[in-house]
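Student: I have a new model open. Please walk me through how to read it.

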Amino acid sequence: MTLDMTNMVLLMALLAAGVWTVMTSDLLRSAIGLAVTSVILTLLLFQLGGPMAAVFELSVCAGLITVVFISTISLTKPKTVEVRQAYKLRRLTRFAFLPLILILVGYYVSTSHVRLDQKVLPLPASVDVRYALWALRRLDLVGQILIILAGIFGVVVLFKTKNDGEEEKK
Amino acid sequence: MNGDMGAFFSLSILFIVLLAMTALYCILMSRNLIRILIGLELLTKGVTLLIAVAGYVTGRMAVAQTFVITIIVVEVVVIAVAAGIVIGVHRHNHDLDATRLDNLRG
C-alpha cells in the first residue's frame with residue numbers, strides 16, 4: 001500500500017488545493033479551498049490507517065473552521081467593488097512568484113539526497129488508539145481542556161462590550 | 001525501514017515541505033488578516049500530515065493519532081480566538097490590512 005497511485009494522487013491533490021487556496025483572489029473561494037484541502041488530508045489520514053484522526057479532521061477542520069472563516073469573511077467584507085478590484089490586482093503581483101519558488105524548492109529537496117530512512121527509536125510497541133489517548137497521553141487531555149477553556153474566555157472577553165460591564169454594575 | 005516505505009516517506013516529506021512553503025509564502029506576503037490565518041491553517045495541515053506519516057512509517061499510528069487530535073483542538077481554539085481578534089480589528093479600523101495595525105506603536 002505504501003507507494004501506490006492513490007497516495008501519490010492524494011499528495012498531489014493536497015498540494016494543488018493548498019496552492020489554489022493561497023493563489024485565488026476571492027477570500028470566500030480561499031476558505032472553500034482550505035476546506036477542500038482538509039477533505040483531501042482526511043482521505044490521506046484514512047489511507048495511512050488513522051480513522052479517528054481523519055474523522056476529527058473532517059468534522060472539525062473541514063466543517064467547523066470553514067464555518068468560522070466564512071462567518072468572519074461575511075462580517076468583514078470590503079464595501080465597494082473598486083476596493084475589491086484594487087485588492088485583486090495587488091495580490092496578483094505579489095503572488096506571481098509562488099509557483100516558481102515551489103518548483104525551485106521541490107527540485108532542491110528531491111535532488112539533495114537527504115537521508116530520511118533513519119533507525120526507528122525503541123519505543124513501546126503499537127497500541128490501540130483509545131489506550132494511547134486515555135492512558136499514555138492522559139496529560140494531553142488536561143492540556144486540551146485548559147486550551148479550550150482559555151479559548152472560551154478569550155472569545156468572551158473579545159466580544160464583551162462596554163455596556164455589559166455597566167449593566168453588571170447597576 | 002524498507003525501500004518502498006522509505007520512498008513513500010521521502011515523497012511525503014517533499015510534498016509537506018512544498019505545502020509548508022506555500023503556507024509560509026501566504027503568511028509573509030499577505031496583508032489581509034484573514035488570509036494570514038488561512039496560511040497558518042495550511043501550515044498546520046502540513047504538520048498534521050507530517051505527524052501522521054511519521055506514525056505510519058514507524059508503525060505507531062495510535063500515538064500519532066493522539067498527537068493529531070491534540071493539534072486539531074489547539075488549531076480550532078487558535079482560529080476561534082484569532083477570528084474574534086480580526087472582527088475586533090475590523091470594527092475598530094474598518095480595514096483588515098495588517099500593515100495598518102500601528103495603534104500601539106510608540
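Student: In which helix is V67(A) found?

Tutor: V67(A) is found in helix 3 of chain A. Helices (H or I, at least four residues) and strands (E, at least two) are DSSP runs, numbered from the N terminus. One caution before we go on. This is a predicted model: local features need pLDDT of at least 70, side-chain atom pairs count only at pLDDT 80 or more, and totals for chains, interfaces and linings use all residues. Residues are numbered from 1 along each chain as its sequence is written, while chains are lettered from A and ligands numbered from 1 in the order in which they are written.

Student: Is V67(A) buried or exposed?

Tutor: Start with the cut-offs. A residue is buried if 20 or more other C-beta atoms lie within 10 Å of its own, exposed if 12 or fewer, and partly exposed in between; the C-beta atoms are placed from the backbone. V67(A) counts as exposed because it has 12 C-beta neighbours inside 10 Å. Its C-alpha atom is separated by 11 Å from that of L28(A), 39 residues apart along the chain.

Student: How many helices and strands does chain A have?

Tutor: Chain A has 8 helices and 0 strands. Of its 170 residues, 21% count as buried. Chain A is also divided into domain 1 (1–80) and domain 2 (127–162). Such bounds come from an automatic or database domain assignment. The centres of these two domains, taken over C-alpha atoms, are 23 Å apart.

Student: How do I check the length of a helix?

Tutor: Compare its reach with an expected span, which is 1.5 Å times one less than its number of residues. Helix 1 of chain A has 19 residues and reaches 27 Å from its first C-alpha to its last, close to the expected 27 Å. Helix 2 of chain A has 21 residues and reaches 30 Å, close to the expected 30 Å. After helix 2 of chain A comes G49(A), with a positive phi near 90°.

Student: Which residues are buried in helix 1 of chain A?

Tutor: First, the general idea. An α-helix has 3.6 residues a turn, so residues three or four places apart point the same way. In helix 1 of chain A, the buried residues include L10(A), L11(A), L14(A), L15(A), G18(A) and V22(A).

Student: Now chain B. How do its elements run from the N terminus on?

Tutor: They run α-α-α. The radius of gyration, taken over C-alpha atoms, can be set against the globule rule, 2.2 Å times the number of residues to the power 0.38. For chain B the radius is 18 Å, well over the 13 Å that the rule gives for 106 residues, so chain B is more spread out than a compact globule. Its C-alpha trace spans about 55 × 25 × 20 Å along its principal axes. Buried residues make up 44% of chain B.

Student: How many residues does each chain bring to the contact between them?

Tutor: Two residues are in contact if their C-beta atoms, placed from the backbone, lie within 7 Å. Chain B brings 61 residues and chain A brings 65. On the chain B side, helix 3 (61–93) is one of the helices that supply at least two residues. Helix 3 of chain B gives the most to that side, with 24 residues. The chain B side divides into 42 nonpolar, 14 polar and 5 charged residues. Here Ala, Val, Leu, Ile, Met, Phe, Trp, Tyr, Cys and Pro count as nonpolar, Asp, Glu, Lys and Arg as charged, and the others, Gly among them, as polar.

Student: Which residues touch the most other members of the largest nonpolar core?

Tutor: A nonpolar core is a set of buried Ala, Val, Leu, Ile, Met, Phe, Trp, Tyr and Cys residues joined through C-beta atoms within 7 Å. The largest one has 58 residues, and L14(A), L44(A), L19(B) and A52(B) touch the most other members. Helix 3 of chain B gives the most to this core, with 12 residues. Leaving aside neighbours within four places in sequence, L44(A) is in contact with L10(A), L14(A) and L49(B).

Student: Which phi does H94(B) have?

Tutor: Most residues other than glycine have a negative phi. H94(B) has a positive phi of about 55°, although it is not a glycine. H94(B) is found in the segment after helix 3 of chain B. H94(B) is exposed, with 10 other C-beta atoms within 10 Å.
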